[in-house]
Amino acid sequence: MSTMDAAGPAAQDQFWVWWAMLTVSLIVAAVVFVLWLFTFRRREQPQRTAREERRIMLRWVLGGGVALPVASIIALLVFAAPTGRGMLPLPLAEGEAERIEVVGHQWWWEVRYPGANGERDVVTANRLVMPAGEPVDFRLTSADVIHAFWIPRLGGKRDMVPGRHSTVRLEAESSGVFGAQCAEYCGAQHTHMLLHVEALERDEFEAWLAERRSPHQLRDGFDEAQEAFGEHCAACHTVDGFPEELIVDDMSHDIEGPDLSDIGSRPTLGAGVLPMEEGAIAYWLQHHQTLKPGNRMPPHNHIDTETLEDIGAWLETLEP
Ligand code: CUA
């Protein structure tokens, strides 16, 4: 997640602005330090009149106190302005850049790939898959409080404000995996709001998306788990193709939980709290309030361990 290791043009520009600011700051600091040392050497000049003395002082104040800061700030501004402009994407024609919608939630990421021409949206969570080698427009918003979208190696750090949409255009120069993190304090579990970003070659990206676009087939042999899921989980969590007659919507809470349609294929659980591995979901279901205290999923103390293990085992099978 190092900003010093830029992997895309936006991050590269920010990297140079960072160096320019550091360099100018160091030069200004050095000049001020030398002048300060110089004051120790300065002796009384008895031959100067008070008026001459005042004029010299005024020159220092105007030069060092006004001209130097104005010149250095203008220099930085001229250097940084194009980068700032680059952060504001100009409207591209339809289809010119892939568009991915990202919604911040306390404390997870909803990632949506809008379907064109009546195709259905692909929705996933805490994992962002994007095409490499081309600009991608990320359309950002929040479902609750202000979050910020930041992929340090690609750029960004754009606030996600509830009720508003903003767009940031980023590009990954080549395929790879990048870390991303919410960059605006958004409550107790702000730390545990990680996003796993994968840049894939165009054809791999298309395949990834197509797999999720096609209708889901639920695996057979998990009837009890599905029934329990319908009773305890389905009011907040969606699974594509889940039989509607099993959904018990008790209306006791109206929290939107992550879409779980492809949860078995995701790299982490709880927005980066646990790596996805066998048994991890069942473990998460039992201990999530210890692993990520205060997260919006209610504790499951009223559900027996065996049922939670069943649900976990079934959820692990959910892959496109
Ligand atoms: Cu979301 Cu910090």
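Author: Let's start with what sits over helix H6: the cover on its buried residues includes helix H4 (223–232) and helix H5 (280–291). Keep in mind throughout that this is a predicted model. The residues being covered are Leu 308, Asp 310, Ile 311, Trp 314 and Leu 315, which are the buried ones in H6. They lie on the same side of the helix, because the arc they take up around the axis is only 155 degrees.

H3 covers residues 202–213, and its twelve residues reach 16 Å from first C-alpha to last, close to the 16 Å expected at 1.5 Å a residue. Its buried residues are Phe 205, Trp 208 and Arg 212. Since these take up an arc of only 60 degrees around the axis, they end up on the same side of H3. Asp 203, Ala 207 and Ala 210 are exposed, on the face turned away from the buried side. The cover over the buried residues of H3 includes strand S3, strand S4 (127–131) and strand S10 (194–200).

Two of those strands bring us to a sheet. S4, S10 and S9 make up an open, three-stranded sheet in the order S4-S10-S9, with mixed pairing. S4 and strand S9 (176–181) are at the edges, each pairing on one side only. On average, neighbouring strands here are turned by 25 degrees against each other, ignoring direction. S9 and S10 are antiparallel and share six bridges, and Ala 180 stands opposite Leu 195 in S10. H3 packs on this sheet, where it touches S4 and S10, and its direction makes about 135 degrees with that of S4.

S3, also part of the cover on H3, belongs to another sheet. That one is open too, with five strands in the order S3-S2-S1-S5-S8 and mixed pairing. Its edge strands are S3 and strand S8 (166–171), each of which pairs on one side only. Neighbouring strands in this sheet are turned by 25 degrees against each other on average, direction ignored. At the S8 end, S8 runs antiparallel to strand S5 (residues 135–142), and six bridges join the two. Pro 135 stands opposite Glu 171 in S8.

Over at the S3 end, have a look at Ala 125, which is in S3 (residues 122–125). Leaving aside neighbours within four places in sequence, Ala 125 is in contact with Trp 108, Trp 109, Glu 110, Val 111, Pro 258 and Asp 259. Pro 258 is 133 residues away along the chain, yet its C-alpha atom is separated from that of Ala 125 by 6.0 Å.

Most residues other than glycine have a negative phi, and most peptide bonds are trans. Asn 126, in the loop between S3 and S4, has a positive phi of about 60 degrees without being a glycine. Asn 126 is buried, with 24 other C-beta atoms within 10 Å. Ala 271 likewise has a positive phi of about 60 degrees and is not a glycine; you'll find it in the loop between strand S11 (268–269) and strand S12 (274–275). Ala 271 is buried as well, with 25 other C-beta atoms within 10 Å. Then there's a cis peptide bond between Gln 106 and Trp 107, with omega at about -5 degrees. Trp 107 is in the loop between strand S1 (98–105) and strand S2 (108–113).

One last stop, taken from a record: an unreviewed UniProt entry places the feature "transmembrane region" at residues 16–39 and 60–81. In the model, residues 16–39 are 100% helix and 0% strand, with end C-alpha atoms 35 Å apart. Residues 60–81 are likewise 100% helix and 0% strand, and their end C-alpha atoms lie 30 Å apart.

Technical notes:
Residues numbered from 1 in each chain as written. Predicted model: local features only at pLDDT ≥ 70, side-chain atom pairs only at ≥ 80, totals over all residues. Buried ≥ 20, exposed ≤ 12 C-beta atoms within 10 Å, placed from the backbone. Helix = DSSP H or I, 4+ residues; strand = E, 2+ residues; numbered from the N terminus. Arc of directions from axis to C-beta. Contact = placed C-beta atoms within 7 Å. UniProt positions renumbered as here; feature names shortened; annotations may be inferred. Pairing = 2+ DSSP bridges. Axes fitted to C-alpha atoms, helices over the stretch in contact; angles between N-to-C directions. Expected span 1.5 Å × (residues − 1).
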